[in-house]
Every structure is written in C-alpha cells, then in structure tokens.
Amino acid sequence: MERKKTILALLCAAILPCYGQQQATHAKKLRPCDLLFHVAQQDNPITDVTPGRIDHVAIAIGQDSVIEAIGRGVVITPLDSLRAQKGYYIVGRVRGSIDREQTIRNARSYLGRQYDHLFLTGNDGIYCSELVQLSYVDKHGRPLFAPVPMSFRDGNGNITGYWKRFYAKHGMEVPEGAPGTNPGEMSRRANIKISHRMR
C-alpha cells in the first residue's frame with residue numbers, strides 16, 4: 001500500500017507541474033489584439049443565424065485579460081473566467097498592418113458603455129463584435145473591419161421565431177439587412193487566421 005502511495009505521489013509530482021506549464025505556455029501564445037471567439041456548447045438564438053456555432057468574441061489585451069462587451073457592458077475580464085465557461089474559445093490572429101496600441105486604446109475608450117441588446121449601430125450601446133469593428137485600425141488609422149448586412153435567417157433562409165418575438169417586444173421589425181457585425185461571420189474574415197483553441 002505504501003509503495004502504491006509513493007508511486008501515485010511521484011506520478012502527481014511529474015504530471016501536475018507539466019499541466020501547469022502547459023497552461024502557462026498556452027497563455028503566452030496570446031498577443032494583444034488577438035480575438036477570442038466563443039464556440040457554444042449548444043445551439044442558441046445567435047448560433048441559429050450565424051455560422052460556426054460562434055456566439056461571442058473578446059479582445060485580448062495581454063496574456064491574462066480581455067476586453068469584451070457582455071450583459072453588464074464593456075468590461076475587462078480575467079482570462080481564467082473565460083476558461084471556466086461552457087463551450088470553448090478559439091483564438092484568431094488579425095493579419096496585416098494592424099496598429100495594436102491604437103486598437104487597444106480604442107477598445108479601452110469604450111469601457112463602461114452599456115451593452116447593446118438590440119444589436120443596432122449608431123446608439124449608445126455596444127455589442128461584442130461591434131466593439132471589435134469600432135476598435136481595430138491599421139497603421140494609417142483606417143478601420144480593419146467593415147460592417148456587413150445583418151441576417152437573422154436560419155439555414156433555410158427564414159427569420160427565426162425567436163428574433164421575430166424578440167424585436168416585436170421592443171415594438172420593432174427585425175433589422176434584417178441593416179449594417180452590423182456578428183462574431184461567427186467575423187471569424188471567417190480573410191484577414192483573420194484561427195491559430196489555436198484555448199483550453
């Protein structure tokens with residue numbers, strides 16, 4: 001019995017430091033302005049109308065934190081909090097002439113802004129991929145992500161019942177075709193390379 005305990009202790013001593021080192025090495029892969037796309041564990045109203053089961057995007061500002069637009073507004077979130085969520089994140093690296101410092105300054109300038117639950121442009125609120133679209137600029141200060149027509153249609157081309165009911169509650173028509181962004185479509189842009197999955 002004592003021999004088994006000793007062997008188990010030796011195995012733990014060998015494996016656990018390696019696991020911790022693996023996590024640390026993984027975090028070191030992140031660069032400021034990397035994009036962290038959340039892949040949902042299950043379908044939801046957002047993934048029903050966007051590609052890749054991606055329902056959120058956050059902006060890395062270092063190896064231990066991100067800026068993101070979530071329910072409580074635009075906030076800084078520790079990276080460990082993302083790892084604790086259901087589903088997982090994939091990391092996208094923006095290619096080309098990105099001005100990382102200005103992009104991070106832009107993103108920080110929106111801290112404290114309320115979340116835009118209606119996913120509209122031109123109002124005071126900001127949603128996750130809109131934060132990216134507003135913040136990212138190249139070395140000449142030009143936006144790196146142009147808006148695209150918003151779509152609330154499923155794979156069969158129909159506007160889903162969820163979004164019809166959602167906007168009806170706000171006395172609105174579904175803003176189909178209005179300019180905007182979504183994280184699933186953004187993850188497939190030509191200037192983003194998906195580099196790895198975050199544990």
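In helix H4, the residues Cys128, Ser129, Glu130, Leu131, Val132, Gln133 and Ser135 are buried, where buried means under 20% relative accessible area, exposed means over 50%, and partly exposed lies in between (1.4 Å probe, protein chains only). Because seven of the eight residues of H4 are buried, this helix is largely enclosed by the rest of the structure. The cover over the buried residues of H4 includes strands S1, S2, S3 and S4 (73-78) together with helices H3 and H6 (183-186); helices (H or I, at least four residues) and strands (E, at least two) are DSSP runs, numbered from the N terminus. The structure is a predicted model, in which local features need a pLDDT of at least 70 and side-chain atom pairs count only at pLDDT 80 or more, while totals for chains, interfaces and linings use all residues. Residues are numbered from 1 along each chain as its sequence is written, and side-chain values use heavy atoms, with hydrogens and water left out.

Of the 199 residues of the chain, 45% count as buried. Among contacts (heavy atoms within 4.5 Å) between residues at least 6 apart in sequence, 67% join residues at least 24 apart. The chain exposes about 11,100 Å², of which carbon and sulfur atoms supply 53%; such accessible areas come from the Shrake-Rupley method with a 1.4 Å probe, and for residues only the protein chains shown count as cover.

Six of the strands form an open sheet in the order S4-S3-S2-S1-S5-S8, with antiparallel pairing, and two strands are said to pair if DSSP finds at least two bridges between them. S4 and S8 (192-198) stand at the edges with a single partner strand each, so one side of each is left without a neighbour in the sheet. Direction ignored, neighbouring strands of this sheet are turned by 30° against each other on average. S5 and S8, which run antiparallel, are joined by six bridges, and the bridge partner of Val91 in S8 is His196. H3 packs on the sheet, where H3 touches S2, S3, S4 and S5, and its direction makes about 115° with that of S2. H4 also packs on the sheet, touching S1, S2, S3 and S4, and its direction makes about 40° with that of S2; axes are lines fitted to C-alpha atoms, for helices over the stretch in contact, and angles run from 0 to 180 degrees between N-to-C directions.

In soluble globular proteins, nonpolar side chains tend to be buried together. A nonpolar core is a set of buried Ala, Val, Leu, Ile, Met, Phe, Trp, Tyr and Cys residues joined through side-chain atoms within 4.5 Å. The largest such core here has 37 residues, of which Leu35, Phe37, Ile59, Val94, Val132, Tyr136 and Phe145 touch the most other members. The elements that give two or more residues to this core are S1 (35-39), S2 (54-60), S3 (65-70), S5 (88-94), H3 (100-109), H4 (128-135) and H5 (161-169). If residues up to four places away in sequence are not counted, the residues that Tyr136 touches include Leu35, Ile59, Val94 and Phe145. A second, separate core of 10 residues includes Leu30, Ala60, Leu79 and Met198.

Charged side chains also meet. The whole structure holds five salt bridges, each being a side-chain nitrogen of Lys or Arg within 4 Å of a carboxyl oxygen of Asp or Glu. In one of them, Arg153 pairs with Glu176, with the closest N and O atoms 3.3 Å apart. This pair links distant parts of the chain, 23 residues apart, since Arg153 lies in the loop between S6 (148-149) and H5, and Glu176 in the loop between H5 and S7 (179-180). Arg153 is partly exposed, with a relative accessible area of 35%, and Glu176 counts as partly exposed at 28% relative accessibility. The loop between H5 and S7 also holds Gly177, whose C-alpha atom is separated by 4.8 Å from that of Met150, 27 residues apart along the chain.
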